[in-house]
Amino acid sequence: MKDGRDTASVGVDLGGTNIRAAVFDDGMGILSRSEKPTRAQEDADAVIQRVAACVREALERTSVAAEEVAGVGVGAAGLTDWRTGVVVLASNLGWKNVPLKERLEQELDGLRVEVDKDTNAAALAEARLGAGREFRHFLYVTAGTGIGGGLILDGTLYRGATGGAGDIGHVVVDPDGPPCGCGDHGCVEVFSSGAGMVDRAREILTGGGAEAASSAMTAEGLTTETMFEAAKEGDAVAAQVVETAGRALGLALADYVNINNPEAIVLGGGVIRAGRAYTDPVERELRRRALPALGEIVKLVPPGLGDDVGVAGAALLLAEKDGGSV
Ligand SMILES: [Zn+2]
């Protein structure tokens, strides 16, 4: 847009399993894509080189000239200091204090790079392009293997002091509950995430109680998909685990509602696709536990964007960092 020319931007979704890149035009339309496996078990440098290769490949698939590229935004799966572009802690990647921005700028010959937590990028995409467009105050929550979130306050992405704001997954809902990967006990993630639900079901199935004997599920090879199937077919253990999962998340969300008085909670992620067996108890508990005046007005809505939420949000980081809107 500088000197009347169109500007393209690149968004990268850096997850524990896959690296996805997409080139966007200045209207946020997708011009091209590229995807590679992360192979996080290799060292950080190898992963960063693959991110760079993914960006170059996506750009080569367009007719965009190098000088028309505004930069590369990266949403990384972990706690990230957006000011320095250092990934502070990412358990899915096995990273600690990796200077992603600096290293990627070297790999891409000085092309501008901005880095943030993936859920912050996703919240930004929902705010500008998705379900959040009609709200000025909302919490974006994604419930998949883990649970993460991003916070939009007064129309702006709010990151907190060090970039961790919105991390609803580690709100404690049962102080005596099972241990969490973060070192605490009874975080909402150990009950309500996909991995957490599988762990809770395994505990019951291997506990030898009457419920375990009545269940058609087996602890070995159990997945969230098989558990949701079993819950639909009336399996008591599966139904109990899914109900508890929904209630635990609803409780955490009620706390959030009481503190921040949002208009909406945008609730997405793989687990949500399982349907109302999960989302009904979320909503019930949220309404029951939040202060009535705050709980009555809050809307629980699905995301407006699909699988491209990560790459779109990452690309939007560039304009957001400049203080602009899109
Ligand atoms: Zn935790």
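In this predicted model, helix α2 (residues 100-107) contains both E107 and R103, which are four residues apart, about one turn of the helix. The two side chains form a salt bridge whose closest N and O atoms are 3.1 Å apart. E107 is partly exposed, at 22% relative accessible area, whereas R103 is buried, at 16%. Salt bridges with shared partners also join K101, E105, R112, E114, K321 and D322 into one network.

The structure holds 26 salt bridges. One of them pairs D308 with R33, with a closest N and O separation of 2.7 Å. Because D308 lies in the loop between β13 (299-301) and α11 (309-321) and R33 in strand β3 (residues 30-37), this pair ties together parts that are 275 residues apart in sequence. Another pairs E57 with K36; E57 belongs to helix α1 (residues 44-60) and K36 to strand β3, 21 residues apart, and the pair links distant parts of the chain.

The table gives the relative accessible area of residues in these two pairs.

| Residue | Relative accessible area | Class |
|---|---|---|
| D308 | 25% | partly exposed |
| R33 | 40% | partly exposed |
| E57 | 23% | partly exposed |
| K36 | 18% | buried |

The zinc ion has as protein donors H170 (ND1), C180 (SG), C182 (SG) and C187 (SG), at 2.0 to 2.3 Å. Their spacing in sequence is H-x9-C-x1-C-x4-C. The arrangement is tetrahedral because the four donor atoms subtend angles of 105 to 120° around the zinc ion.

Definitions and conventions. Residues numbered from 1 in each chain as written. Predicted model: local features only at pLDDT ≥ 70, side-chain atom pairs only at ≥ 80, totals over all residues. Heavy atoms only, no water. Donors = N, O, S within 2.8 Å, 3.2 Å for Na, K, Ca; no water. Tetrahedral: all angles 85-135°; square planar, octahedral: opposite > 155°, others 65-115°. Salt bridge = Lys/Arg side-chain N within 4 Å of Asp/Glu carboxyl O. Helix = DSSP H or I, 4+ residues; strand = E, 2+ residues; numbered from the N terminus. Buried < 20%, exposed > 50% of the residue type's maximum accessible area, 1.4 Å probe, protein only.
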